[in-house]
Structures are given as structure tokens and as C-alpha cells.
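Here are a few exercises to work through with the model open beside you. Try each one before you read the solution.

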Amino acid sequence: MVTMSAQRNKIHPHKYSLWIAMGSITMMFVAFTSAYVVKRAQANWTAFELPHIFWLSTALILASSLTIQLSLKQFKDRNIARYKQLLTLTAILGLGFAVCQYIGFTQMYDRNLPLNGPVSASFIYVILGMHILHVLGGIVALAVIFAKAYSTTIKSYNPVPLEVAATYWHFVDALWIYLLIFLTLAR
Amino acid sequence: MSNEATLHSQHEGVHGAMTHDHHDGHGHDHHHEDSFISKYIFSLDHKMIAKQYLLTGIIWAIIGALFSVLFRLQLGYPDATFPWLESILGHWAKGGRISPEAYYALVTMHGTILVFFVLTAGLTGTFSNFLIPLQVGARDMASPFMNMLSYWFFFLASMVMMSSLFVQTGPASGGWTSYPPLSALGDASIGSKIGMDLWLISMALFIVSSLLGSLNYISTILNMRTKGMSMTKMPLSIWSFFFTAVLGVLSFPVLLSGAILLLFDRHAGTSFYLSDLFVAGKALPNEGGSAILYQHLFWFLGHPEVYIIILPAMGMVSEILAVNSRKPIFGYLAMVGSMFAIVILAFLVWAHHMFVTGLNPFLGSVFVLLTLLIAVPSAIKVFNWLTTIWKGNIRFTPAALFSIGFVSTFISGGLTGIWLGNSSIDIHLHDTYFVIAHFHIVMGVSAFFGMFAGIYHWFPKMFGRYMNNTIAYIHFYVTLVGAYLIFWPMHYEGMAGMPRRYYDYSTWESFKQFAELNHFISSVVIIVFFAQLLFVVNYFYSMYKGRKVTELNPWGATTLEWSTPINPGHGNWPGEIPEVHRWPYDYSKDGVDFIPQTTPVGAHESKH
């Protein structure tokens, strides 16, 4: 990606763009949850309990936030081997999160709450589905950084890409916590 | 990637191989390393990307305007037949008369194309890209790559929307707002089939393009300003692009959410928007949905969208009026403050589009109050434009004329907004021609005037040539007079209760009286359409054959873009980026015609 260094280096333009993008993504989920609130206030709302496996996915994504932070620290300390291990672990935990969410979906399906069932269930599939897509986007970003870390030709000690990825990773984590609390309270 | 090397080398103050002969038309002296593809197609240069946006926008504008001519033929001459229509539209115009299905498709596509593809992408994409780096003093955008992606997502969106015009069942035809259930049920109408899917895909791509662009605009304005360019020294055009981008970043994702839910309703059997429906005598299984929910999500974008369209025009007009009346802009901070107020209010008024949906009257009155509040910042802006040109030494260039025209249409279209913002009056006027007249004048015509003003004013910077003035004056007067002749009578039709979107008014006893008026409006539409083609001819002719620009600063303007070479290369300034010492509106100060932003403040200078 072609970038020009900022002329007055306060904050890296990529980080800045990321913060704006996160605001944008937040608006998207605010729209989803507002639609949920509006719909819930109307008749025919079916309340049900969220699959318990979502608590496991919460633990996984929280752990992955920790590992990516540690990985960033190792990178800055030039412990490249440890950094690679932690980065891999983060991606695996992220994938584990997505798998747990998927298992949650199948459990809902088995409880007779399919996608085209009650609107309350449809919302869960769509909102959490969009969230999983954002987590997978983060995993793709990690994979790119990972590929660069194993490249023998390029040696880069620029922490910006990893910092950007870490910030985004914490963001999807926080977004999940928000969704979990929201969906638990506004059932 | 040669650009990267060039740009980075310039940061060290070393001049890379620069391209000084952009758009020379002669093409001698090819001492640069850009290939045709990297220079004209997958360009990373914000100036070339701006021109790509403009070209795509012009093509869309011609198509969108042509559609309005076609459906105006039906409205103005409901009994006549035009055999040539059948030869171009085939079974959509059997016997030379546009079919009802084609009519709705044309109306829907006219709205979609003009609102999104021309006045959002074409206007903001062009001028934000072109002017932000040039006026804040940056080599390029914060991320030129993302900027390029933004254009190509727009191009993809355009291709998908274009292809929907050619599918057998026709493009989307449920109105540019795509309300469910018409948009959610494939069997509801012929235009709800594949055309609607293509519409949704195209809009999703469009939203991605818009977000990528806006991210860049914000990031560039906040981070990449040259030395001395504090926020309060920025030209008002930059402020307007900034606020536009903020609006886009916060409101487009909401439309995306609404569209995603709609896609699920269409294809996955969910019932977000659907309930208690019968299609062709059969009851649908969908239960528990609410069509009004979509309207909330849509108008949460839809209302900020009209400011996304009008704010860049406001900013450019402020700039052009100050330059051409040789006076500082009146009330710079009030201008910035009023734009900020508009941005805040933009998010708080969406339900005024929904007064007749069964909205709680108490809630309605809150939205009335907030809507009417928008009149305050709008009036401040109008006052400041008028006081800027007041007793000015006005140069009536085509750009200045279009800017003055903008102020005129913004006033006359804005005043009717106060009518419609009142829920009690809106109940009578809702979905009538009064609404058509209101938003076409205040948003459509005004934004187009701002866009034309911008093109005429910055054409010399874009192509190193001037546009032809005589054609430009004809273009302006025909468009201004024509716009009023087209839309003014629609107010009367609307007050008489004539609903919008009807196919044929001659069969209605109440609206028969307007047959002659409709006839007149349609005739003017055709004339104005040809006047726009004059502009297109002027644009392309001047690009290659126009009078060459020989001085760096042809308008005597203070802003940074005129300190670049006549045909700036990628990186904009061959040497160091100039430093800024003053605000951009030092015109006729201390007896000096204008003082560029790059001139240091003198010891005995008066304060502005």
C-alpha cells in the first residue's frame, strides 16, 4: 500500500483512518441494534435464551485480545519467535471464536429457532453473522502480517501494521461484548 | 509503484522525474515513467481519480437526465405516441408509448442515478479528491491506494447498476427509496425481480466506495495539512468536504444495515419488514415484520444524504463568490459553525419524511421543531453569501453566475422546506408535486449549480485550459430560467393535491386541469436537457482545444492550488510544499487586490 508519511507526525494516517472506520462500523451495528429495539417494542416478539456456548466464545475472544497485545509487545522488544507464536495463537483463538458462534447457530436451529423463524432469532443470525464477518476480516489482516513475518526477503521493524491490526482486534472484541450484553439484557 | 518512489523522494526535497505535460494534447517529451495504465486507469494520483469520478458522473448525469426526458414525455403528452421510443426501448414502449412498468423503472432509476451516482459520487468524489490535497497543501491523499479502490468500487457499482438496465425484467422500479414490501417480494412487481437484487448489490458496492473515500478525506484533512495551515486557515470548501465525509461515514453504514436486512427478507425467508401480506391472492408465511422499520433505517441515511449532496456545493460556492467579488467571505466562523450545526441536525430530523406513517403526533412535533431549526444555519449561510457579494467588485464569470444561481435556488427551494417541515401542512402536501418541486430546486438544481460552478472555476487547474465562455453563458441562462419554469409550476400542482409517481393524470377529473401545464413543463425539460448537452460538448471540446492557461493564478485567488504549476504532476508541488501564513480570504485588503495564503503577514498589516 502506497502511503505518504504525515507531514506533521502526530498520529499515523492509517491509525487515524482505522479510528474513523471503527466509528463507521459502530454506526452499522448501532443501526442493527436500534432496529432490534424498535422491533422488540412491537407485537409478536419471541424471547428466548442465547446458546450457552456464546460464553465460551466470549472467553476465546477475550483471550485473543490479550495474546495480540502480548504479541505486539514481543514485536517491539524484537522477540520475533515469541511474536510469531502469539500472533498464530491469536488467529487460532479468533477462528475458535467463529467456530463457537457457528455451533451456537446450529444449536439455535435445533431448538426450532431457524433463520426464517421468529424475528428475534433472525436478528441474532444477521447481527452475529455480520460480526463474525468482521472478525474474519481481522484474521485475514493477521494472515497478511503473518506472511510478512515469515518472508525472508523483507525485514520490517515497523510496528504500525501490527498496531493497526491490534486496535481493530480489540474493537471487534469490544463490539462482541457490547452485542452480548445488549442481546442478554434486551431479550 | 513508480509513484511511490517519486513521492517519497520528494519528501526529502529531491525532485523525482516529474510529469509536467499532463493533458497537453501534444504528448511530446515523454520523460516520465508512467505507463498508460498507471497514469489514466489505475492511477494513484488524486487529480486523475477526481477526473475519473467526474467523467463517470457526467456519463451518469446524461443517462439520468435522459430518463427524466423520457418520463416527462409520458406526463406532458399522455395521448401522443412516439414511434422512435419503440425502436430504442422495444417492448417497454409498445406502440410508441412508455408502458407503466417502464415509467416506474425510469422514475426509480432517475432518482437513484442522480442522488447517488451523480450528486454524491460525481460531486463529492470529484471535488473532494481534486481540491483537498491541493488546498490543504498535501502531496496526495492519506492513502492513495484506498483512494483508487474507492473509485473502482464506484465503477463496479456503476457497472452493476448499468447492467440492471438491460435485464429482461428491467431495473428496480419501486422508487429510489426501495421501500418494502415492493422491494422485498420478487413477485410483487416486475421491477422487484433481478433488477432489485442488482440495485441492492450496486448500492452495497457504492456504500463501500463512499466509505473508503470519506475515510481518506477526513484523514487527509486532519493529518496532512501543510505547515501553518491550521483548521481555521482552511478554505470553506475544505470545511464542507470534511463535514460531508463525516456525514457519509456515520450515515451510510445505517443504509447498509437496512439493505442487509432487506436482502435477508428477499432471499432467506426472514420477516424483518414483512407481515400479513397477500400476493396474487395467496397469503405469505411472513409474520411479525414492520415495513416502517425500513423507512427509519433508510431515512436515517436518506436525510443526511441530502446534506451530503448540498454541503460540497455550499463550500465551493462560498469560495467562488469570495474570489469573484474580490471580497473576503463574510462571517467565516459563522459559515463553519452553521455547517457544523447542519451536520448535527442532519441526524435528528429523519422522521419528517415519515409524518404520514402513523408516527406518534407528539414525536412528530419534536421532529417538526428540529426540522425548522435547520432554517437557522441555512439562513446564516444565505445571509453571509449575500453580504459577501454586497458591494463587491463582481466578475461575472460562468462560475460566479452559477454560484449566484445556487444562492437563488437555495433560497426559493429552502423556503418551501419550512412548509413541508410542518407536520400539519405536510399531511396535505405529502407525496404531491409540491415535494417534487421543493427537493428538486433546493437539492437537485442547487447542487448541480454548485457542481457547474466548481467545474467552470477549477477547469483551468484540471486541464490547463479554459472552457468556452459564450457557451457557458448560454448554458447558465437557459438552465436557470428553465429550472424555474420546470419546477415553479409544480408547486401549484402540488397544492392542488396532484400526487407524484402517477402514470397518467388525464384520466383524473381533479388533475385534468393541469394538462396544459404538464405539456409546458415537459417542453421546457427537453430544451433544458439540450442546454446540458451544450455543457458536455463545451467540456470535452475545451479539454483538448480550449484556450490555454498561461498564468499560474488566472482568477487571482489566494488558495494553495494556484501555487502549483499550470499542469501539476503527481505530488502537486515540484519543490517544497509552500507554508501558509494567513487565512484564504485576504481580498481587497489594505488596497491590495489579493494576498496569497503563502505570503507572510506584514508588520503593518491590518487585521481582517
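UniProt, in an unreviewed entry, puts the feature "domain: Cytochrome oxidase subunit I profile" at residues 36-581 of chain B; UniProt positions are in the numbering used here, feature names are shortened, and annotations may be inferred rather than shown by experiment. This is a predicted model, where local features need pLDDT of at least 70 and side-chain atom pairs pLDDT 80 or more, while totals for chains, interfaces and linings use all residues. Residues count from 1 along each chain as its sequence is written, with chains lettered from A and ligands numbered from 1 in the order in which they are written.

**Exercise 1. Describe the span 36-581 of chain B.**

Start with secondary structure: the span is 66% helix and 1% strand. Helices (H or I, at least four residues) and strands (E, at least two) are DSSP runs, numbered from the N terminus.

**Exercise 2. Work out how helix 5 of chain B packs on helix 7 and on helix 8 of chain B.**

Step one, helix 7. Its axis and that of helix 5 of chain B come within 11 Å and cross at roughly 20 degrees. Axes are lines fitted to C-alpha atoms, for helices over the stretch in contact, and angles run from 0 to 180 degrees between N-to-C directions. The pair is therefore roughly parallel (under 35 degrees; over 145 is roughly antiparallel, 65 to 115 roughly perpendicular, the rest oblique).

Step two, the residues. From helix 5 of chain B, the contact includes B:F116, B:T120 and B:G125, and from helix 7 of chain B, B:F206, B:S209 and B:Y217 are among those taking part. Contact means C-beta atoms, placed from the backbone, within 7 Å. By class there are 8 nonpolar, 7 polar and no charged residues. Ala, Val, Leu, Ile, Met, Phe, Trp, Tyr, Cys and Pro count as nonpolar, Asp, Glu, Lys and Arg as charged, and the others, Gly among them, as polar.

Step three, helix 8. Helix 5 (residues 100-136) of chain B packs on helix 8 of chain B at about 130 degrees, axes 10 Å apart, so the two are oblique. Among the residues that meet are B:T124 and B:Q135 in helix 5 and B:F241 and B:T244 in helix 8 of chain B. That contact has 6 nonpolar, 5 polar and no charged residues.

**Exercise 3. Which helix of chain B gives the most to the side that touches chain A?**

First, size up the contact: 41 residues from chain B and 33 from chain A. Next, list the helices of chain B that each supply at least two residues: helix 1 (2-11), helix 6 (144-164), helix 7 (194-223), helix 8 (236-267) and helix 9 (291-325). Helix 8 gives the most, with 9 residues. Finally, the side of chain B that touches chain A divides into 23 nonpolar, 14 polar and 4 charged.

**Exercise 4. Sketch chain A.**

Chain A has 5 helices and 0 strands. Its C-alpha atoms fill a box of roughly 60 × 35 × 20 Å along the principal axes. Residues 16-38 are 100% helix, ends 33 Å apart by C-alpha; residues 168-186 are 95% helix, ends 26 Å apart by C-alpha.

Methods
Two residues are in contact if their C-beta atoms, placed from the backbone, lie within 7 Å.
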